[in-house]
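Biologist: I am new to this structure and would like to learn how to read it. Please take the features one by one, with the general idea before the case.

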Amino acid sequence: MSKKDPGVIPKDIKPKKAAVNTEGSRKYIYFHMVRHVFLRIWRQKLKTLLTIAVTLAFIMTLSYMEGSIEENLHLVDNLYRTTTVEARIVKKNPTIDREEGNIISPDIVSAFRNNEFVKEIRRESAGCQMSAFFPSNDERKLEEYLRINTDEKGFGFYGIDDPEWFLKRTGDGSQITYGEGWTAKLFAEEWKGNLAVEETSVDLNSSPAFENSDQKTKRNVKLIKQPVSVIISDTLAEHQSLLINDKFYTLDTRGSGLMTECVVAGYYKGISVEDISEPILIPVSALEEMNQLLGYGTSYSSVKFAIDPSKNREIEQFEEEASRILLRAEAGSVDLTIFVYDEELRKVVQPLDESIRLMERLIPLTFVISLVTAAGLSIVFLLQNKKEAAIMRCFAMNKRKTIFFFGAEQMFTVLLGLAIGSVLLAVRMGDVLSASKGLVFAAAYFVSSIAGAVLGGMICTSYDIGNLLRTVD
């Protein structure tokens, strides 16, 4: 063959390798891999929809559960703060025949007043029967009225500070009618240190209340000039011809003696308490102050407490403390105990609170199960691609690229589901900040899904190509 023969390659000429742009080739490969991933996502509609549906169910369900628990906890906290719990001191042995009189000592009331659980105290006290009763709108002299001994008629003060509670305990037929300008607030007035007192002289011989007295004919007694608002029975008002805003005096012969000026603020009917058949209802703080002026303490016939709502979760502790207080020797004339009116709290609020706390404890377990499910689904979906993995390996695609290819398919599908779920969650919550916990759930779900996809890809590529092809066959 001649030197000019084109089919002969001269020996001194060596072939050169073609220049290859490996950087551009790598970018080209990954671009087409991502493109192919989206094509697979579009073509495998059932798998894509199933993945999105599971992802949406996860983020919406957990976020809804978390939101519901927070709302219900707020509701329960509000119920605890607004539910009124009351307690009352009662006789430990209700069969004791003693029903009348003041059985609760002032020291016990003082101890409860200083207790952190007690928000307010309602108390009632029966005053002693009065030795005389007389109106002040009559022109006759005071001494003439002292001849009226009303002991046998059962007149006496009865101090209260909560007429609504008092009427509930005295029967269905009892009621109080206030005069114009007067309301139940008169019983809540504070009289401590507000009673103006002066000395006055009375003729003892003119009053049956002082019969057989070894004292002098004339006696100075304390006179309360500041009128005390009271409620009297309709029969007493009719008998004494007393109208609203009329005044009358009462006489208490204990100690140095005390005369009290009272003003009629209203009438009652159907009320009888303890051993006072026709009580004159008076603010209990005024009765306490009157006893103080005579040098006596005030014991109580009934005491009720309103528990501080912020302590409603600690009612059992209050009952323990109350029992210790009532075990004191000076508690009262009979053995006493505490009765707590907390039916609404025990039967409604506490069971609801316990149910919500149980749901709250189940949230972490549900969260973990959901993450394991997400990873498991990714593994299952990846294991269905053994055929594609075998073919890709035959065309010299390494394990890393194969795992990336199938993992990217699962990643983009899950991301789409999480994006839709996050938008729906933000719309439901009203703002992104409120949905922040749901976004945390979404991030955890995404990481779990990717981990499952990587693990599934590793399983698919863990065999050699021959084994993969035999598996496919």
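Modeller: Start with burial: a residue is buried at under 20% relative accessible area, exposed at over 50%, and partly exposed in between, using a 1.4 Å probe and protein chains only. With a relative accessible area of 25%, threonine 337 is therefore partly exposed. Before going on, note that this is a predicted model, in which local features need pLDDT of at least 70 and side-chain atom pairs count only at pLDDT 80 or more, while totals for chains, interfaces and linings use all residues. Residues are numbered from 1 along each chain as its sequence is written, and side-chain values use heavy atoms, with hydrogens and water left out.

Biologist: How many helices and strands does the protein have?

Modeller: Helices (H or I, at least four residues) and strands (E, at least two) are DSSP runs, numbered from the N terminus. The protein has 13 helices and twelve strands. Of its 473 residues, 43% are buried.

Biologist: Where is threonine 337 found, and which residues does threonine 337 touch?

Modeller: Contact means heavy atoms within 4.5 Å. Threonine 337 belongs to strand β12. Not counting residues up to four places away in sequence, it touches Arg88, Ile89, Val90, Lys91, Lys92 and Leu326. Its C-alpha atom is 7.9 Å from that of alanine 322, 15 residues apart along the chain. For the protein, among contacts with a separation of 6 or more, 81% are between residues 24 or more positions apart.

Biologist: Is leucine 336 buried or exposed?

Modeller: Leucine 336 is in strand β12 (residues 336–341). Its relative accessible area is 5%, so leucine 336 is buried.

Biologist: How do I read the packing of two helices?

Modeller: Axes are lines fitted to C-alpha atoms, for helices over the stretch in contact, and the angles run from 0 to 180 degrees between N-to-C directions. Angles under 35 degrees count as roughly parallel, over 145 as roughly antiparallel, 65 to 115 as roughly perpendicular, and the rest as oblique. Helix α3 (residues 106–113) packs on helix α8 (residues 315–326) at an angle of about 155°, with the axes 10 Å apart. α3 is therefore roughly antiparallel to α8. Ile108, Ala111 and Phe112 in α3 meet Phe318, Ala322, Ile325 and Leu326 in α8.

Biologist: What is the handedness of the crossing of α3 and α8?

Modeller: A crossing is left-handed if the near helix is turned anticlockwise from the far one by less than a right angle, and right-handed if clockwise. The crossing of α3 and α8 is right-handed. α2, by contrast, passes α9 in a left-handed crossing. The axes of helix α2 (residues 45–82) and α9 cross at roughly 160° and come within 10 Å, and the two helices are therefore roughly antiparallel.

Biologist: How far apart are the end C-alpha atoms of α9, and where does a kink lie in α9?

Modeller: The expected span of a helix is 1.5 Å times one less than its number of residues. Helix α9 (residues 343–383) has 41 residues and should span 60 Å; its end C-alpha atoms are 59 Å apart, which agrees. The bend at a residue is the angle between axes fitted to the seven residues ending there and the seven starting there. In α9 a kink of about 35° lies at valine 349, shortly before proline 351.

Biologist: Why is helix α7 largely enclosed by the rest of the structure?

Modeller: Helix α7 (residues 284–294) is largely enclosed because nine of its eleven residues are buried. Among them are Val284, Leu287, Met290 and Leu294. Glycine 295 follows α7 and has a positive phi, near 85°.

Biologist: Which residue has a positive phi although it is not a glycine?

Modeller: Asparagine 245 does, with a phi of about 80°. Asparagine 245 sits in the loop between α6 (234–240) and β8 (247–252).
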